[in-house]
Amino acid sequence: FLLACQMFYYSDDQVSEVQLTQVADSWNIGIQRSISSAVKILVTSEGRTVGHGSGNLFYYHNQLFIITAAHVVDSDELNYLIQESNGNVLSCRPIYVDIGNDIAIVKPYGEFMVTKPQPYYTSMQKDLTAKEMYYAGNPGDLEHIALRGWVAESDHMRLVLQSFAWPGSSGSVVFDMAGRAVGVVSAIPIVHNFWDGGMMPLSQIVMVRRLEVLPRKTIREALKNEKRRIESRNAD
C-alpha cells in the first residue's frame with residue numbers, strides 16, 4: 001500500500017496533517033484537481049461584465065475559499081461573481097489581497113453545483129525545473145479549458161512555465177502531478193518584436209507566483225475575519 005503512494009506532511013502552529021496521494025500513471029491527481037476545482041471570476045460594473053479571470057476552489061476546516069491572482073480582484077470600484085462550468089453564478093467577496101505577490105483569497109457565497117473543492121496542500125520544493133504542471137482557466141473567449149506545461153525555471157517565489165496563457169487565465173492555480181498547489185498564473189511577458197520594432201505578448205511563457213507565500217495560517221485568519229465581519233453585520 002505504501003509503495004503505491006506518495007506521502008506529504010504539513011504542520012503549522014495549530015494543525016499537523018499527513019496526506020497520502022495515489023501514484024498511478026493512469027490517474028493524474030494534479031490535472032483532475034485543477035479541472036474539478038476551476039471557476040471563472042466575473043468582473044462586473046453597474047450590472048455589466050467588464051472582464052474576467054480564473055481561480056480554484058479549496059476547503060479548510062469545512063470552509064470554502066477561492067484562490068486567484070490579486071490583480072483580478074483588487075479594485076474597490078468593481079464587483080465580482082463566481083461562475084461554474086455549467087453557468088451557475090454565485091456571489092463572492094475578496095477577503096485577502098496581496099498585491100506584492102499577486103495572490104488573493106475570495107470567499108464565495110451560495111451553493112456550488114458542479115465545482116469540487118480541493119484540499120490546500122502546497123509544494124515547498126525550490127527547484128521544479130522540467131517538472132510537468134497543470135492548470136485550468138479561461139483564456140480569452142475560451143472557458144474552463146485544461147492546460148499543461150513544463151517548468152523552465154523556478155525558485156521559492158515564482159515559476160517560469162512553458163505553457164499557454166492569455167488575458168482571462170490570470171488566477172488559475174497551477175498543480176503538480178501529485179495534486180499539490182504550486183502557484184498562481186500571474187502574467188505573460190511582453191517582449192520586443194524584432195520584425196517591426198514594437199512589443200508583443202509571449203503567450204507561450206507563463207509567469208506563476210508561488211503559493212509558499214500563502215500559508216494556511218494566513219488563510220485561517222482571513223476566513224476568521226470574514227466570519228466576524230458577517231456576524232457583526234448581522235448583529236447590527
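Modeller: Happy to! Let us start with His61, which sits in the loop between strand S4 (48-60) and strand S5 (63-68). Please keep in mind that this is a predicted model.

Biologist: Why is His61 called exposed?

Modeller: Its relative accessible area is 53%. The cut-off for exposed is over 50%, so His61 counts as exposed.

Biologist: And what is there to say about the phi of His61?

Modeller: The phi of His61 is positive, about 50°, although His61 is not a glycine. Most residues other than glycine have a negative phi.

Biologist: Where is Asp102 found, and what is its phi near?

Modeller: Asp102 is in the loop between S7 and S8. Its phi is near 55°, again a positive value in a residue other than glycine.

Biologist: Is Asp102 buried or exposed, and how do you know?

Modeller: Buried means under 20% relative accessible area. Asp102 has 8% relative accessibility, so it counts as buried.

Biologist: What makes Pro215 partly exposed?

Modeller: Pro215 has 36% relative accessibility. As for its place, Pro215 is in the loop between strand S17 (205-210) and helix H2 (216-235).

Biologist: How far apart are Pro215 and Tyr120, in sequence and in space?

Modeller: They are 95 residues apart in sequence, and their C-alpha atoms are 9.4 Å apart in space.

Biologist: Now for Ser163. Where is it, and why do you give it the label it has?

Modeller: Ser163 is in the loop between strand S12 (158-162) and strand S13 (173-176). Its relative accessible area is 12%, and the limit for buried is under 20%, so Ser163 is buried.

Biologist: Which residues does Ser163 touch?

Modeller: Leaving out residues up to four places away in sequence, Ser163 touches Tyr135, Leu147, Arg148, Gly149, Ser203, Gln204, Ile205 and Val206.

Biologist: How do you know that S6 and S7 pair?

Modeller: Pairing takes at least two bridges. Strand S6 (residues 79-83) and strand S7 (residues 89-98) are joined by 3 bridges, so they pair, and they run antiparallel. One example is Ile82, whose bridge partner in S7 is Leu90. The two strands form a hairpin with 5 residues between them, and Gly87 in the turn has a positive phi of about 95°.

Biologist: What makes S7 and S8 a pair?

Modeller: There the count is 7 bridges between S7 and strand S8 (residues 103-109). At least two are needed, so these antiparallel strands pair as well. Cys92 stands opposite Pro108 in S8. The hairpin of S7 and S8 has 4 residues between the strands, and Asp102 takes its positive phi there.

Biologist: How do you know that S11 pairs with S10 and with S12?

Modeller: The reasoning is again a bridge count, with at least two required. Strand S10 (residues 132-137) has 6 bridges to strand S11 (residues 145-154), and S11 has 4 bridges to S12. Both counts meet the requirement, so S11 pairs with each of them, antiparallel in both cases. Ala136 has Ala146 as its bridge partner in S11, while Trp150 has Gln162 as its partner in S12. S11 and S12 are joined by a hairpin through 3 residues.

Biologist: Which residues touch the most other members in the largest nonpolar core?

Modeller: Phe65, Ile67, Ile82, Tyr120 and Leu211 do, in a core of 33 residues. S8 gives the most to this core, with 4 residues. Another core, of 14 residues, lies apart from it, and Leu128, Leu147, Leu161 and Val208 are among its members.

Biologist: What does Tyr120 touch?

Modeller: Not counting residues up to four places away in sequence, its contacts are Phe58, Tyr59, Phe65, Ile67, Ala181, Leu211, Leu214, Arg216 and Ile219.

Biologist: Last one: what lines the second largest pocket?

Modeller: Its lining is made up of Val73, Asp74, Ser75, Asp76, Leu78, Asn79, Tyr80, Cys92, Pro94 and Val97. These divide into 6 nonpolar, 2 polar and 2 charged residues. S7 provides the largest share, 3 residues, and the pocket volume is about 150 Å³.

Notes. Residues numbered from 1 in each chain as written. Predicted model: local features only at pLDDT ≥ 70, side-chain atom pairs only at ≥ 80, totals over all residues. Heavy atoms only, no water. Core = buried A, V, L, I, M, F, W, Y, C linked by side-chain atoms within 4.5 Å. Buried < 20%, exposed > 50% of the residue type's maximum accessible area, 1.4 Å probe, protein only. Contact = heavy atoms within 4.5 Å. 1 Å grid on protein atoms, 1.4 Å probe; cavity = no way out; pocket = protein on both sides within 12 Å on 5 of 7 lines; lining within 4 Å. Points joined across faces, edges and corners; volume = space filled by probe spheres on them. Nonpolar A, V, L, I, M, F, W, Y, C, P; charged D, E, K, R; others polar.
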